[in-house]
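Biologist: I have not looked at this one before. Can you put it up and take me through it?

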Amino acid sequence: MTDTAALPARVCATRHFDFSDMSAEERYRLMASTIMPRPIAWVVTVSADGVVNAAPYSFFNMFGADRPVVALGILARPGRPKDTAANIRATGAFVVNLVPFALAEAMNQTCVDAPPEVDETALAGLETVPSLAVPPPRIATAPVAFECRLTHLLETGPGQLLAVGEVLHAHYARRVLTGDPERPRVDAAALDLVGRMHGASAYTRTRDLFDLDRPLWEGGGTIPSKE
Ligand SMILES: Cc1cc2nc3c(=O)[nH]c(=O)nc-3n(C[C@H](O)[C@H](O)[C@H](O)COP(=O)(O)O)c2cc1C
């Protein structure tokens, strides 16, 4: 660890952490308490035997639209892989449901470390609806669900996985869509999604918004418009 106390005042004083000197748990705490808020993928999978599984994953985001790609970070679990990891490996498919505030408690129930034969959707009293193109169903009350086919499964550490999936179908609750049905807009307030924050139990709601106009490059250059 080194300090930067000797630097000029305009440079904020920092403390340095050498991640190679730290345990995985310490690295997790520092990273997960700062890389936030994180969207939550409420992931439904099925085992090779057809047992439904649901669990939240906040190491989640979209990584492109052509092709439409999402990814999940699945940590190692001592003893046996997480059910989500085993099921994605076995079936090559997963469904990402998004989590509104109204379903936060149900989502939390499904993070319980239940044995593989337990269906957490039943445990949390959730109804499911069959998907169109993949074996796992979607959560009936989730405002948005993405049916995904696994495209890449990368081992990023011992037993730690990055699962990349292509979205084949999306289901949006009609009540969160507004405007021209041919070119619908998503009503963020109606979605009322939650995000994962620091520590084991902190969440945020997506209600505190502000706008920034994008700068235009006067020299005639182009700016990317879709990211
Ligand atoms: C909001 C939330 C987000 C989570 N995000 C992740 C994550 O990104 N990666 C991970 O490995 N575990 C994450 N977990 C923990 C898993 O949900 C937990 O280990 C669960 O038991 C895994 O279930 P499974 O074995 O059915 O896949 C998260 C838990 C919560 C409550």
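Biologist: How do β9 and β10 pair, parallel or antiparallel?
Modeller: This is a predicted model. In it, β9 and strand β10 (residues 160-172) are antiparallel, with twelve bridges.

Biologist: What sits between those two strands?
Modeller: Two residues, and the strands form a hairpin. In the turn, Gly 159 has a positive phi of about 75°. Gly 157 has Gln 160 in β10 as its bridge partner.

Biologist: Which strand does β6 pair with?
Modeller: Strand β6 (residues 93-97) pairs with strand β9 (residues 144-157), in the antiparallel sense, over five bridges. Within that pairing, Phe 94 stands opposite Cys 148 in β9.

Biologist: And what holds strands together in a sheet, in general?
Modeller: Backbone hydrogen bonds, in either a parallel or an antiparallel arrangement.

Biologist: Switching to the helix. Which residues of α2 are buried?
Modeller: Asp 83, Thr 84, Ala 85, Asn 87 and Ile 88 are buried in α2.

Biologist: What do they pack against?
Modeller: The buried residues of α2 pack against β2 (41-46), β3, β5, β6, β9 and β10. That list includes both strands of the hairpin, β9 and β10.

Biologist: What comes just after α2?
Modeller: Gly 92, with a positive phi of about 70°.

Biologist: Now the ligand. Which residues come nearest?
Modeller: There are 17 residues around the ligand, and Ala 55, Phe 59, Leu 75, Asp 83 and Thr 84 come nearest. Among them, Asp 83 and Thr 84 are also buried residues of α2.

Biologist: Which elements supply at least two residues of the shell?
Modeller: β3 (52-57), β5 (68-74) and α2 (83-91) each do. β3 gives the most, with four residues.

Biologist: How does the shell split by class?
Modeller: Eight residues are nonpolar, five are polar and four are charged.

Biologist: One more topic: what is the strand order in the open sheet of three strands?
Modeller: The order is β1-β13-β14, and the pairing is antiparallel. The edge strands, β1 (38-39) and β14 (203-205), each pair on one side only.

Biologist: How many bridges link β1 and β13?
Modeller: Two, between β1 and strand β13 (residues 194-196), which pair in the antiparallel sense. Pro 39 has Gly 195 in β13 as its bridge partner.

Technical notes:
Residues numbered from 1 in each chain as written. Predicted model: local features only at pLDDT ≥ 70, side-chain atom pairs only at ≥ 80, totals over all residues. Near = placed C-beta within 6 Å. Nonpolar A, V, L, I, M, F, W, Y, C, P; charged D, E, K, R; others polar. Pairing = 2+ DSSP bridges. Buried ≥ 20, exposed ≤ 12 C-beta atoms within 10 Å, placed from the backbone. Contact = placed C-beta atoms within 7 Å.
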